[in-house]
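Here's a quick briefing to read with the model open beside you.

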Amino acid sequence: TAHNLYVQAGSFGSYQNAEKLAQNLASHGVVNISEAIVNGQTFYRVRLGPLQEIADADRVLSNVVNSGQKSAQIIVD
């Protein structure tokens, strides 16, 4: 099965914070904000992608980390 790679730049309880980060990262690629419910709490995940290749995900991750999002990570979804 094909998997999509994403770079998750952050996860927030506030949509406004997620939106602010998404705007800051727009120059790095397609940014999506997705809602996730964890233990009854709503979080807004800021992700770039989908990316097809590991090399692309690594490059985007590096750009996002260098922009200040030190806890960014690659997610397979």
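A search of the whole structure turns up one aromatic pair (rings of Phe, Tyr and Trp, the last by its six-membered ring, pair if their centres lie within 6.5 Å; planes under 30 degrees apart are stacked, over 60 edge-to-face, the rest tilted). The ring centres of Y15 and Y44 are 5.3 Å apart and the planes sit at 85 degrees, so this pair is edge-to-face. Y15 belongs to helix α1 (residues 15-25) and Y44 to strand β3 (residues 41-51), so the pair ties together parts 29 residues apart in sequence. Helices (H or I, at least four residues) and strands (E, at least two) are DSSP runs, numbered from the N terminus.

This is a predicted model, where local features need pLDDT of at least 70 and side-chain atom pairs count only at pLDDT 80 or more, while totals for chains, interfaces and linings use all residues. Residues are numbered from 1 along each chain as its sequence is written, and side-chain values use heavy atoms, with hydrogens and water left out.

**Around the rings**
- Y15 is partly exposed, at a relative accessible area of 39%, whereas Y44 counts as buried at 17% relative accessibility (buried is under 20% relative accessible area, exposed over 50%, partly exposed in between, with a 1.4 Å probe and protein chains only).

- Four strands make an open, antiparallel sheet in the order β2-β3-β1-β4 (two strands pair if DSSP finds at least two bridges between them).
- The edges are β2 (31-38) and β4 (73-76), each of which pairs on one side only.
- From one strand to the next, the twist averages 45 degrees (axes are lines fitted to C-alpha atoms, for helices over the stretch in contact, and angles run from 0 to 180 degrees between N-to-C directions).

**Strand by strand**
- β1 (residues 5-12) is joined to β3 by six bridges, running antiparallel.
- Along that pairing, F12 has Y44 as its bridge partner, S11 has R45, and L5 stands opposite L51.
- β1 is mostly covered, with six of its eight residues buried.
- On to β4: four bridges join it to β1, again antiparallel, and Q8 is partnered there by Q73.
- β2 and β3 are joined by eight bridges and run antiparallel; E35 stands opposite Y44, and N32 has R47 as its partner in β3.
- The β2 and β3 strands form a hairpin with two residues between them, and N39 in the turn has a positive phi of about 50 degrees.

**The core**
- The largest nonpolar core has 16 residues, of which V7, A9, L25, V46, L48 and V64 touch the most other members (a core is a set of buried Ala, Val, Leu, Ile, Met, Phe, Trp, Tyr and Cys residues joined through side-chain atoms within 4.5 Å).
- β1, α1, β3 and α2 each supply at least two residues of this core.
- Setting aside neighbours within four places in sequence, V46 has contacts that include V7, A9, F12, A18, L21, L25 and I33.

**A loop spot**
- E53 lies in the loop between β3 and α2 and counts as partly exposed at 49% relative accessibility.
- E53 and L5 are 48 residues apart in sequence, yet their C-alpha atoms are 7.6 Å apart in space.

Note on methods. Contact means heavy atoms within 4.5 Å.
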